[in-house]
Amino acid sequence: MNGKVFRPGNGSKGDGKDPIILQERLNHTIFFNFKARAKAFIGGPHVTLTTIADTNFLHHIVPMVQRWNGPISLCVFAPGDHFDLAVRQIQWLVSCSNTSLVHDWVSFHFVFPKALGPNKIFKWNNIPEKGEDPCFAYDVRKGETTNIVTYKQRSALVFPINLLRNIAMEGVALELFGSNQFVFPCDIEMIPSPNLATKFEALIERMDLSDREQRVAFLLPEFEIKAGEALPANKTTLLHEMRRTKNVVMFHQKTTGMLHVIPSMMDWIGTPERDDSNLELLPKLEGPIPGRWEPLFIIRQDIMPHFDERLTWETKSDKVLLANDKDVLLGNSISNIEQRILNS
């Protein structure tokens, strides 16, 4: 990874030695590890959820980390005066929310256009004070720092969504060195099944993935729930809500549902939930996937293609193209990898 390395000591993992890595790319400045998670990885294969946000969406990290209960790499877009606002929000999320999981598991990285970032890099443990208690002045739960007009909107900037996605994944590489590590790229408004991180890591430990030529993607079905309804605690409850109350539907069912349906979806629906807490694999899938396809999946980090950073949120086709040596369709990339559906 190219970039100038600063070592201000951001206080992560309790030793204060983790570097902030400054990098410039595509006319943007990047801060890796502005605030790193406190918990260290210990042994075994690991899976890290990677996601992105701006100041209007940072509050979603609390329900996400509570359900995931594992490492998260979050990249924040905060140009201009919204860098300071984002820092205050993160300060509240780490120190003042009703869970310590943000402090324990979430690493924060920043992206902003050149010349629209802070004047200096300061360490996390030495954030400039403003003479107010962040637990009252920046309470994210009250919506005081959400649904506001962002600097991006005021300045008509584009949202470099794929750059942020890649930075979130590269942030994992700074912490983990090894070929048997996994990433779970998803949007910050997506809430995973309870304790999916722990269950997936236990699954991987039971599998034989010692063959480095084995290329596997683990597909997960996606759903939407009616606003105000409680999140299903398990697959049995989810299917009940789908069939009886209709409070749960397939993801983007009424718009672009076919882009998100995984093959053999009916097999997944028809497979009963296990009595224990282990994840289960449905049989592997083979063959090419026709047309556009945007599956949700967990994949080994070293075989995960990068998203094409030339595409932005405003193009509305940001997930379709990935960049390796050349542009390829996401569906074609994943169809060349053995696919397995997770059943929980």
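In the predicted model, Leu22 is bridged to Phe31 of strand 3. This pairing belongs to the antiparallel arrangement of strand 2 (residues 20–25) and strand 3, which extends over five bridges. The two strands form a hairpin with two residues between them, and Leu26 adopts a positive phi near 50° in this hairpin. Strand 3 (residues 28–35) is also joined by five bridges to strand 6 (residues 106–113), again in the antiparallel sense. Strand 3 is mostly covered, with eight of its eight residues buried.

These strands belong to a chain with ten helices and 16 strands. Of its 344 residues, 54% count as buried. The accessible surface of the chain comes to about 16100 Å², and carbon and sulfur atoms account for 51% of that area. Among contacts between residues at least 6 apart in sequence, 77% join residues at least 24 apart.

In soluble globular proteins, nonpolar side chains tend to be buried together. The largest nonpolar core in the model comprises 49 residues, of which Ile61, Phe110 and Phe184 touch the most other members. Helix 2 (residues 82–95) supplies the largest share of this core, namely seven residues. When residues up to four places away in sequence are not counted, Ile61 touches Ile72, Leu74, Leu93, Val102, Val106 and Ile188. A second, separate core contains 20 residues, including Val172, Leu239, Ile262 and Trp293.

Side chains of opposite charge can pair when their charged atoms come close. Six salt bridges were found in a search of the whole structure. One of these joins Lys114 to Glu24, with the closest N and O atoms 3.5 Å apart. This pair links distant parts of the chain, since Glu24 lies in strand 2 and Lys114 in the loop between strand 6 and helix 4 (134–137), 90 residues apart. Lys114 counts as partly exposed at 37% relative accessibility, whereas Glu24 is exposed, with a relative accessible area of 53%.

Strand 2 also holds Arg25, which is 284 residues apart from Glu309 in the loop between strand 13 (306–307) and strand 14 (321–323). The side chains of Glu309 and Arg25 meet in a salt bridge with an N to O distance of 2.9 Å. Both Glu309 and Arg25 are buried. A network of salt bridges links Arg25, Glu170 and Glu309.

A further salt bridge is formed by the side chains of Asp187 and Arg165, at 3.6 Å from N to O. Asp187 lies in the loop between strand 7 (182–185) and helix 7 (196–206) and Arg165 in helix 6 (residues 161–175), so the pair ties together parts that are 22 residues apart in sequence. With a relative accessible area of 9%, Arg165 is buried, whereas Asp187 counts as partly exposed at 27% relative accessibility.

Asp104, found in helix 3 (residues 101–105), is buried yet has no salt bridge. The nearest side chain of opposite charge is that of Lys39, 4.5 Å away, whereas a salt bridge requires a side-chain nitrogen within 4 Å of a carboxyl oxygen. Leaving aside neighbours within four places in sequence, Asp104 is in contact with Arg37, Ala38 and Lys39.

Note on methods. Residues numbered from 1 in each chain as written. Predicted model: local features only at pLDDT ≥ 70, side-chain atom pairs only at ≥ 80, totals over all residues. Heavy atoms only, no water. Helix = DSSP H or I, 4+ residues; strand = E, 2+ residues; numbered from the N terminus. Buried < 20%, exposed > 50% of the residue type's maximum accessible area, 1.4 Å probe, protein only. Lys, Arg positive; Asp, Glu negative; His and termini not counted. Contact = heavy atoms within 4.5 Å. Core = buried A, V, L, I, M, F, W, Y, C linked by side-chain atoms within 4.5 Å. Pairing = 2+ DSSP bridges. Areas by Shrake-Rupley, 256 points an atom, 1.4 Å probe, with all protein chains shown as cover.
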